[in-house]
Amino acid sequence: MKKNLSKLYLALVMLFLYAPIFVLIVFSFNTTKSRSVLSGFTFDWYIKLFHNELILSSLWNTIIVAVIASIGATILGAVAAVGINGMKRLPKTIVMQGTNIPIMNPEIVTGVSLMLLFVFFMVRMNLEMGFVTLIIAHITFDVPYVILNVMPRFRQMDPNLYEAAQDLGCNGASAFFKVVLPEIMPGIISGFLMSFTFSLDDFVVSYFTSGTTQTLPITIYSMTRRKVSPEINALSTIIFLVVVAVLVINNVIERRNLRKRGVIK
Amino acid sequence: MKKVLAAPYLVWMVVFILVPLIMVAYFAVTTADGAFTFDNLAAVSQYANIFIRSIWLAAISTVICLVIAYPLVVILARINVSYQSTVLMIVMLPMWMNFLLRTYAWMTLLGNNGLINMFLGLFGLGPFRLLNTQGAVVLGMVYNYLPFMILPLYNVIVKIDKSVIDAAHDLGCSNFQTFVKVLLPLSIPGVMSGITMVFVPAISTFIISRMLGGGSNLLIGDLIEMQFLGNSYNPNLGAAISLVLMVIILFIMVILNQFDDDEDRVLM
Amino acid sequence: MKRLLTLIAALAVFFTCACSHIEDETDEAAENEEVVFEKDEEYYSALKDDNVTINVYNWGEYIPDGSDGETINLNAEFTELTGIKVNYTTYATNEELYAKLKSGGASYDIIIPSDYMISRMIKEDMLEPLDMDNIPNFKNIMDKFTDPEYDPGSVYSVPYTWGTVGILYDNTAFTEEEAENIGWETLWDERYAGNILMFDNPRDAFAIAEEMLGYDLNTEDSEKLHDAAELLTEQKKLVQAYVMDEIFDKMGAGEALLAPYYAGDAVTLMDEYDHLSFVIPESGTNLFVDAVCIPKGSVNKRAAEMYINFLCEADIAYAVADYIGYSSPNAAAFELLDDEVKEDGISYPDDEFLENHTTTFRNLSDEANLEMQTLWTEMKSSEEETPNRLIVPVFMALCVIASIVILIRRHVKKKKEIF
């Protein structure tokens, strides 16, 4: 009885979470633009979507920005984490509090504040907002996530390891690369992935800092404000499928790793 | 020596986090010509009702998220460990869809001729006005931010030792007593970080209210956006509103932090 | 040699068109137009190898983009012809455009503001004067649009479209008699509560209220603006949503019954949906002109002027008018229009009506602009349901009390632990 109740509850929440998405998907195959009556099956909206230059170019922009910003943020953040780890307690606390600012600040305030900064300096230097400002903004909100992912790894690591490596004849650098880096690598990777997805998906901060550059979320926003075409449903479907694929692959790899470790143990 | 490595990040942080925030404060207390003034901040009080509405709607959404997420997480934590990560993944999956598309999906469901009203129409009910109401805005917030409540809760509850709960039962606690005296206190850190993670984006959103609220349920986010890139250009006023928003959030965080001194809190 | 190039270019244009078109009879018509109107190759190829990109900032749904499979994709055609790439972005209101330009940081080469916004921008020195020698097709513009009040002597702008504001309504919900009586006051009619859409920009919304009150649409009188704001606040409880281009979607899907909007978009919507009709209230309305300008800070002025000239080509201006439904100020394009369109009374009302029943917006003084903006925000933020007001302070007070109690308890606990 109790088990059935919890199953029912789980099912209801799933319905709530997935119903809108499946409605979007179903209507991406609809022959007419109607959003409530199904009138036939077609792939037309997908074909149109792939001929829509605006969407393709903004997708390209999004990917470029996300790749550069997440790599930049990962390097900056990982290096910073090593440095912060070496700090004394008080400065460490202060820096970590500062790191929390962009996470806890509302996105719109981050966006607006960066916009004010960029405009203030850009106008004086005769530059305009675009790719560069977008990447800077994205790195800014990405770095904290990298640091927060890497820092716990240091705590889990045995501090004696590094010294042991040095005692065994490694110099500082090689001890770092051979001992410390492999230990914190999982944190770096998950930080990178997190930054990458945040950058891909970011709308609010980009909206205020993109100038004339259009990323996919910005294009989607302007699409939802105009004559809405089922192309947008087609786009949702594709994004959904990509996300499902990535997560499934990720999950499979994780399980395999877990099993391997289980075997070793 | 190692400390030097943090320098580039510190410089970055000062230039792109601290300085912009200082600029917000600077714009908030100056006129368009750069003269010092308190007028902008005074003008914010004109929009007190928007602040009240935003806090109210965000609070309702946060409570609803908590009410939905808590039982869900408890159920999740009881599932066989080998399925747990899969089920969790399925629950979190919609979060990876673009935020605007998810909100747009609700637009199509809630309309007067949308699917929900069509469905109700089959039973001779409605049509009800669902879209462009405060209820729709709350729904949008709950839908979009529910995962932010589920994750921190899950991270905490899954780590609670099952034997503690069994012990409570053995010592004669009823289910309700176990919940109030054992489970709830142990999960407070998760509850608190869940509340912050839902409340902060909910109070400052401008998309959800615009898409689902029909433009007549303005929230703080809309107000700020209007001053910078919208229909009433006035960045100084916009900065003042942002400043007040930050203060409100800071205040709420201070309150919430009192409940939660777990330094190892896992973010997402 | 040059002829050969022209031929190749024409073929290329034809080829891309033919490809993008779904096989249809309309193809032939389109193809004919391509052949008849040859463009001045030499003029358009001046920047061909410079790899220029211009930033065009236009209203949403305001250019033929080939999405219906019948019309040309204007920007693609332009790139084809000139080698200049177009980065095309859209805005929804004049005020948004103003904010984006004013906030700086983004530089555009082409913008298309309306009359009153153009004079405001001229006043604030935000526009580049145009070099008409580079825009030979300016000759195509009708005489009555070449020396407008908002831009005396057409120094900064070239008219793109014009039109009036009217009311779009769902004809299935109105009897014939009711439909005949639709006027601005219908937007305040309680019977249609929850089924009315309204402009989401201050100037157009205030104009309707001012029209209702019998005020001048350009009034700067503070009291009159307050009256209009009050009327709009009164209307708020009847309004389903404040929208701009979302109207296409909402009216098309039958979400609402009444919506004031621009005649051009109404024409487009009526083409697509039989259940929609449009009426221009006899009592009077706003006549607007949207014109192409180059904002200060444009780095590709030469290319931008080429784009303006391209928009003034007879066949292109015709394609624009045909696709977006707005009225064309381009004499050569007007010639090409079907008589049916010219005489339907929506896109091209007769001169008598324009003369006596329409008013053009003028730029208001800074004070009046600011006042209107403030009133607008106040109107939109005003609350219909008031019970929430008390609950929130109580809620916040509870939060504060709870936090204090917890703080004290924790403090006491810590003290106990120390001992």
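Biologist: What share of the 268 residues in chain B is buried?

Modeller: Keep in mind that this is a predicted model, where local features need pLDDT of at least 70, side-chain atom pairs count only at pLDDT 80 or more, and totals for chains, interfaces and linings use all residues. Residues are numbered from 1 along each chain as its sequence is written, while chains are lettered from A and ligands numbered from 1 in the order in which they are written. A residue is called buried if 20 or more other C-beta atoms, placed from the backbone, lie within 10 Å of its own. For chain B, with its 268 residues, that comes to 50%.

Biologist: How many helices and how many strands does chain B have?

Modeller: Both come from DSSP runs numbered from the N terminus, with helices being H or I over at least four residues and strands being E over at least two. Reading chain B from the N terminus, the elements go α-α-α-α-α-α-α-α-α-α-α-α. So by that DSSP definition the tally is 12 helices and zero strands.

Biologist: And what box do the C-alpha atoms of chain B fill?

Modeller: The box is taken along the principal axes. Its dimensions are roughly 70 × 70 × 30 Å.

Biologist: What part of the contacts in chain B with a separation of 6 or more comes from residues 24 or more positions apart?

Modeller: Two residues are in contact if their C-beta atoms, placed from the backbone, lie within 7 Å. Among chain B contacts with a separation of 6 or more, the part from residues 24 or more positions apart is 70%.

Biologist: Which helix supplies the largest share of the side of chain B that touches chain A?

Modeller: That contact takes 60 residues from chain B and 57 from chain A. Helices supplying at least two residues on the chain B side include H1 (7-28), H4 (81-92) and H9 (175-204). The largest share is 12 residues, and the helix behind it is H1(B).

Biologist: How do the residues on that side of chain B, the one touching chain A, divide into nonpolar, polar and charged?

Modeller: Ala, Val, Leu, Ile, Met, Phe, Trp, Tyr, Cys and Pro count as nonpolar, Asp, Glu, Lys and Arg as charged, and the others, Gly among them, as polar. Sorted like that, the side of chain B touching chain A has 46 nonpolar, 10 polar and four charged.

Biologist: Which helix gives the most to the side of chain B that touches chain C?

Modeller: Here 28 residues of chain B meet 36 residues of chain C. Helices H3 (48-78), H11 (220-229) and H12 (235-258) of chain B each put in at least two residues. This side of chain B divides into 14 nonpolar, 12 polar and two charged. With seven residues, the top contributor is H3(B).

Biologist: What distance separates the centres of the two domains of chain C, domain 1 and domain 2?

Modeller: The bounds come from an automatic or database domain assignment. For chain C it gives domain 1 as 2-161 + 289-360 and domain 2 as 163-287 + 366-381. Taken over C-alpha atoms, the separation of the centres is 27 Å.

Biologist: Over in chain A, which helix gives the most to the side of domain 1 that touches domain 2?

Modeller: Chain A splits into domain 1 (45-229) and domain 2 (230-265), with centres 22 Å apart over C-alpha atoms. The contact joins 11 residues of domain 1 to six of domain 2. Helices H2 (44-51) and H10 (216-224) of chain A each supply at least two residues of the domain 1 side. Four residues come from the one that gives the most, H2(A).

Notes:
A residue is buried if 20 or more other C-beta atoms lie within 10 Å of its own, exposed if 12 or fewer, and partly exposed in between; C-beta atoms are placed from the backbone.
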